[in-house]
Amino acid sequence: MTTPRRLIAGLLLTPLLAGCFASGADSSPADPTGSGDGGRLRVALAFTPTRNFSPYSQDAFHLSKLGVSEGLTRLDANGTAVPALAESWTSDPGGRSWLFTLREAKFQDGTELTAQAVASALTHAAEAEPAPTALAGVELTAAAVGDDQVRIGTGTADPALPLRLSNPSLAVFAPKAYGKKGAVNPVGTATGPFALTRITGDTAATLDRFDDYWGGRAQAPGVDATFVADGTARANALRTGQADIAEALPVAQLASLDKGVVRETTTARNTSLYLNTRSGVFADAGLRAAAREAIDTSVIAKDVYEGHAEAAQGLYGPALNWAASKRLQPTGRAGATDPSARSITLATYTGRPELAETAQVLQQQLEKAGFRVKLEVRDYARLESDLLAGKFDAAVASRNMMLDTGDPVTVLGSDFTCDGTYNLSLLCDKGIDRAVADAQAVADPAKRQEAALKAEAAVLGTDAVVPLVHQKTATGIGTSVQGTLSDPYERQFLGTGTRR
């Protein structure tokens, strides 16, 4: 349960929040005229933008959650690719070329969605540096076929392409969005039900309804989004009515909120410990094994997550019901060696408060095993580049294993291969690369899952990552709000029916 000290500390922050969630436009209650329009939605998001809303970064998920951007496909609740900007698609017999037929739609700047615009947008994504995680290991090409069809090639066969194209980093923007040196300006240039109209640094964004949205007119006239790294502050904003929706509520705050305003969603998200295999203490496989053996994940699930998470069984958790019966045990693990008071720096970020608490528990467990541990905790926007550059010995991070494409193989390519674009462990192992490549070549969904689990066992055998817990996400939704989207893949948040 939440301790009184935690609760009191959280409530003391309430006066400091005044004005932080002020609406950029009309914030009146639901429209009494019967027009179907309500007030503007006030949303508190957990992570500050790191790259000025570039779709080729993790900021792409902000644009997706807020209903700004879309790609050719999206994922349904079962993880199947279904139509979005594309109405249908077919592949050639070899699986290296796909033809997508577009629906009639408009960009938020009033221009028409055309095959040439889509092909150009996907070409920009393919040429981005660094490449979006969804394109790890893929040589994507795109060309217009007439006015309403796009042919997409992948070099080698890619059975997961329709899933891959659902990634928010492969969203389509109007031609005027693309500037010099790979810059993309998403303000008023996407296709979703809400148009981004103003960005206030990394603290806030204003969105207005896009009345010509192909999927129907949104019921809310707009959205005022605020980026609040402090989880207690997000919970207090919901509690005091300053926010209508609050993302990623801390476990420590749930007991103090009305049950009616908390929605928990089972996801494919894990909290894991990533060990730097390239340099420093954990370049030694024996010391990575010593770290793994020192960790009691049940303590983290019980004490940090207060029962709102399960001790991890691997990279693929209970939200993916196919994983448990097919999982393989890791092989080839090194024997643990004596840490001998080796000093390590363990980093994590503030957007998810449980991560800092998890890091403190790990510090105690690792120090008991003989390591000397220094903690580094920052806002994610200030930490990401250093994490990817390997400036720490270890990192506690939260990752949805199906976030990038909904395909269990793709995330292994981005996170654990030599050319991976989100490789927090800096792992480069030819055996892992072969296992992932073999899995990427499998077209049959059930066999692809089996291949993913074989690659998972190979990754875990290196001790480059130690899965800690499988998570649920808790979203705070005000009692006046209706129509929010519950998405196990954590890509969708607001839709045309979201209103208050």
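The lining of the largest pocket splits into 16 nonpolar, eight polar and two charged residues. That pocket holds about 590 Å³ of space. Keep in mind that this is a predicted model.

**The largest pocket**

- In total, 26 residues line the largest pocket, and those nearest its centre are Asn-78, Gly-79, Leu-163, Gly-406 and Pro-445.
- Three elements, α4 (161-164), β12 (262-275) and α14, each give two or more residues to the lining of the largest pocket.

**The second largest pocket**

- The second largest pocket comes in at about 500 Å³.
- Its lining also has 26 residues, with Ser-69, Glu-70, Arg-74, Tyr-213 and Gln-492 closest to the centre.
- Strand β2 (residues 73-75) is the top contributor to the lining of the second largest pocket, giving three residues.
- Sorted by class, the lining of the second largest pocket has ten nonpolar, twelve polar and four charged residues.

**Aromatic pairs**

- Searching the whole structure turns up nine aromatic pairs.
- Take Tyr-316 and Trp-322: their ring centres are 5.5 Å apart and their planes sit at 45°, so this pair counts as tilted.
- Both partners are tucked away: Tyr-316 is buried at 1% relative accessibility, and Trp-322 is buried at 13%.
- Elsewhere on the aromatic list, Phe-47, Tyr-349 and Tyr-380 are linked by ring pairs into a cluster.

**Helix α10**

- Helix α10 covers residues 353-369, which makes 17 residues, and it spans 25 Å from first C-alpha to last, close to the 24 Å expected at 1.5 Å a residue.
- The buried residues in α10 are Glu-354, Leu-355, Thr-358, Ala-359, Val-361, Leu-362, Gln-365 and Leu-366.
- As background for reading that list, an α-helix has 3.6 residues a turn, so residues three or four places apart point the same way.
- Just past the end of α10 comes Gly-370, with a positive phi of about 120°.

- Ala-248 has a positive phi of about 50° despite not being a glycine.
- You'll find Ala-248 in the loop between β11 (245-246) and α6 (251-254).
- Ala-248 counts as buried because its relative accessibility is 13%, with the cut-off for buried set at under 20%.
- Asp-463 is another non-glycine with a positive phi, this time about 60°.
- The loop that holds Asp-463 runs between α14 (445-461) and β17 (465-477).
- Asp-463 is buried too, since its relative accessible area is 1%.
- The peptide bond from Glu-129 to Pro-130 is cis, and its omega is near -10°.
- Pro-130 belongs to the loop between α3 (115-126) and β6 (141-145).

**Ser-54**

- Ser-54 sits in the loop that connects β1 (41-45) and α2 (60-65).
- With a relative accessible area of 17%, Ser-54 is buried.
- Leaving aside residues up to four places away in sequence, Ser-54 touches Asp-59 and Ala-60.

Conventions. Residues are numbered from 1 along each chain as its sequence is written. This is a predicted model: local features need pLDDT of at least 70, side-chain atom pairs count only at pLDDT 80 or more; totals for chains, interfaces and linings use all residues. Side-chain values use heavy atoms; hydrogens and water are left out. Helices (H or I, at least four residues) and strands (E, at least two) are DSSP runs, numbered from the N terminus. Buried means under 20% relative accessible area, exposed over 50%, partly exposed in between (1.4 Å probe, protein chains only). Contact means heavy atoms within 4.5 Å. The expected span of a helix is 1.5 Å times one less than its number of residues. On a 1 Å grid over the protein atoms alone, a cavity is a set of points where a 1.4 Å probe fits but cannot get out, and a pocket is an open set with protein on both sides within 12 Å along at least five of seven lines; lining residues have an atom within 4 Å of a point. Grid points are joined across faces, edges and corners, and a volume is the space filled by probe spheres set on the points. Ala, Val, Leu, Ile, Met, Phe, Trp, Tyr, Cys and Pro count as nonpolar, Asp, Glu, Lys and Arg as charged, and the others, Gly among them, as polar. Rings of Phe, Tyr and Trp (its six-membered ring) pair if their centres lie within 6.5 Å; planes under 30 degrees apart count as stacked, over 60 as edge-to-face and the rest as tilted.
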